[in-house]
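Open the model in your viewer and follow the selections below in order.

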Amino acid sequence: MKFIFTITLLLFSTWGWSQSGQINCDYNNTPFVKVVTDFETQSGFRFFYQPGTIDSIPVTLKLQGSTLEKALDKIFENGYYQFFIDKDAKRVYILDRKTAITTSLPKNYFTTGTNKQVPTEPSSSGEEAKKEAVSENKLIEIGSKTSGPLTGTAIVAGYVRDFKNGEGLSAAAVFVEGTNTGVITDGNGYFSITLPKGRKVLLISSTGMKSGRRELMIYGDGKLVIELKEDVPTLKTVVVVAEKNSNVRRMQMGLERLSIKTIKQSPALLGEPDVLRVLLTLPGVTSVGEASTGFNVRGGSTDQNLVLFNEATIYNPSHVFGFFSAFNPDVLKNAELYKSSIPERFGSRLSSVLDITTRDGNTKRWSGSAGIGLLTSKISLEGPILSDKTSVLMGARTTYSNWILKRLPNETYKRSSASFYDANITLTHNFNSKNSLQLTGYISDDGFRLGNDTTYNYGNKNAVLKYKHIFNNKLSSSFTAGIDQYYYKVAGDEKSVNGYQLSFGLTQQHARLEFVYTPNNKHQFNWGAQVIQYAIQPGKFEAKGDESLVVTQKVADEQGREWAVYLGDKINVSDKISIQGGIRFSGFANLGPKTVFNYVPGLPRDESTIVDSVLYRKNKPTQTYAGPEFRFAFRYTIDENSSIKLGYNSLRQYLHLLTNTTAISPTDIWKLSDPYIKPQTGDQVSFGFYRNLKNNMYETSFEIYYKRMNNFLDYKSGAQIVLNQHIERDIINTKGIAYGAEFMIKKTTGKLNGWISYTYSRVKQKMDDPIAGQQINKGQYYPANFDKPHAFNAITNYKFTHRFSMSLNVQYSTGRPITLPIAVFNLAGSQRVFYSERNQYRIPNYFRADFSLNIDGNHKVKQRFHNSWALGLYNMTGRKNPYSIYFIEDNGVIKGYKLSVIGTAIPYITFNIRF
């Protein structure tokens, strides 16, 4: 930009002026932007120059009692730049020597409609947010303009949005140039920051977006809308994560944040991008084997993970035997996994929280995308219903995998079938800058049959309504209410006398009220309350078909109510030290109607030890539990590129998964805490060191943790899980410990980017229930089913050109524990086996490498349709990774077998289109 100064009177009155203010400074290779901030503070003048030209010029200067003019003469004595001081307006203009300064007014200057003065943005009233994007070179005036001295502070609040579609950008960084003062936007892109009055410059960055810069003149409280454009980087600046130093400066430990671009860039099974599979490449996250989207976090079981989809709880996040996750990647905004330092607003689970959010929908124009692959197809559509007010986002997926099953040589596979579909809708309405409403609906269904007459069917149904209100720049609130359902059905022999159907259902109704109060940059309070009402149908076995003679069996329904209140505060003690503390007090009541059996104290629970029974009426508590949960995080910033963090949290879980498999299964049963099944409790302490290298090109992190778990469920040998009227007789209460170390290095820029992670972890259980009967492993600690000490992952992305890129994913891990027969003996003419201690041995180690090639269409900006191809090879080495090892008796002889779910390389190709 070239500045042309045309007011002759100002020129003549200024050049001869000698400034009366004094400048004191001592700089050694200090960036010019820092010098400007100091000079503005000392002199009261405002500086104007083209951003990106001289911001980073190093200044070495030492002056005492100098004038501003002499100080600038010293800085620009090399002759490359010139400056101009406007005494009356108290402004300093800096420009290069090639730009001419005219001393006369342009022709027709005073003619109506031809005023060429440099414009400034209109003043913000503090009541309404600005509705248009502003240029980085324009001055934005916040608050009511005043001519008096600017003292004290003001609160600037607003939104960071995507310029293309109006989408709020979550986790965007908003910082004050030249300082460590900054905030991170919430899930809707909202921020609130306290700043000294006067001229300030905000720097804004967000994943996948071009960084922004806004010059503010702050007179008082006000609001601001900042719109960022999508970043189409050069090949030398491909950005994976945009928030500078985010891993070093953020409070939370064990927080993994994934953008949809990262998810789509990684190789996927059968060409379908999968958020859960990308999570499995991160340190501390494992699964029990192939084709399983259930995941284990830092030694926790699969039921100890809270999976949220726009605040809706998803109880089974998988499709088709675990080959696909339940989330359509085309509608996702981002995913956050909390492994430790879990915020106090979250509860109900012991190990982790996976918070997945969708986009709000394009508020400016209609757009969409579609994709077709060998097994699945998907489509999404979004756009404004009322411009800048109401938007909708819709997505759907389905599979047609039966055609490939029919072509397999095995007759069992030919008789099999598998299908799924899911659909979601997000409707967002902004009443005004202070009030918004969002409605989310989600439905999924799976059906499959494995070579026989038995069919399996399961699915999720969810609806959530969220209302957000902003009282003022300091205080905001949100209210969320919804209903979540999960069900499964197993049916077989429909046309015979043995035709049956086994069904299970879970429904939860939930509501949450939350407030966030930010009085200044040193504190951010949040408090709220939550309630969840559970209704579980644990199992019903009934006749199916007119010919069936099956007798109906049903396990009594369960009801329960969970509640919690919480309070937290994030404290910025100084630029180097930040503390976050919180407490969550939760409670639970198991409710009638229910019959509870009492057993002889101190003896194993079985039919022979029953004393009596008690019948509880509807909504009458059979058992109540309550207790505090503590959250604490500490961060010390060593320097701009490194920090250390310490975290502690304790949690309580009142819901349990009854399963005899190591992975999530459609026939798993959820169970509420009751008089005999106590809530799971646990706590975790963690420590981490974080450092960025080479101007944030490389991010490194090292974390260690130790976790304790109590009332962790295990089962007696031969326990019956399904249709057990007295499950408390087969349950064993155990306690567990988990500990480990996690290391990750991530390259965030360049043609070649990605990450490498290594995790050493152990998780062990110990039976400590004195009335459980026979002790497991003689009462000693034994490895849990998902204990995998070593895990190595490498994700590599390489961009050849703007159109061609490739990705390589390599995974290695220790095999999971199993119990093996260690001796054979004869009994009654047949071989029998003697088994080892529980989980004493392991299946072979796991290794897999995946490759994908991504081909984009041309990048014409005004093109209506944009297409791309994804080609790849899953398990490119064809390794037959064992999922389990089992033994059967064949003609009186015990034989062992190894089961591999995927034992060959699987190619895929997918065509995608955006419009």
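Start with the protein chain coloured by secondary structure: 8 helices and 56 strands (DSSP runs, of at least four residues for helices, H or I, and at least two for strands, E, numbered from the N terminus). This is a predicted model, in which local features need pLDDT of at least 70 and side-chain atom pairs pLDDT 80 or more, while totals for chains, interfaces and linings use all residues. Residues are numbered from 1 along each chain as its sequence is written, and side-chain values use heavy atoms, without hydrogens and water.

Of the 915 residues in the protein chain, 54% are buried (under 20% relative accessible area, 1.4 Å probe, protein chains only).

Next, select Tyr488, Phe504, Leu658 and Trp670, the residues with the most contacts inside the largest nonpolar core, which has 40 residues. Such a core is a set of buried Ala, Val, Leu, Ile, Met, Phe, Trp, Tyr and Cys residues joined through side-chain atoms within 4.5 Å. Strands that each supply at least two of its residues include E29 (475-492), E30 (500-520) and E42 (698-715). Apart from this core lies another, of 28 residues; Val285, Val307, Leu332 and Met744 are among them.

Now move to the open sheet of 3 strands, ordered E2-E5-E4 with mixed pairing (two strands pair if DSSP finds at least two bridges between them). Within E5, Tyr93 is the bridge partner of Phe48.

How values were computed
Buried means under 20% relative accessible area, exposed over 50%, partly exposed in between (1.4 Å probe, protein chains only).
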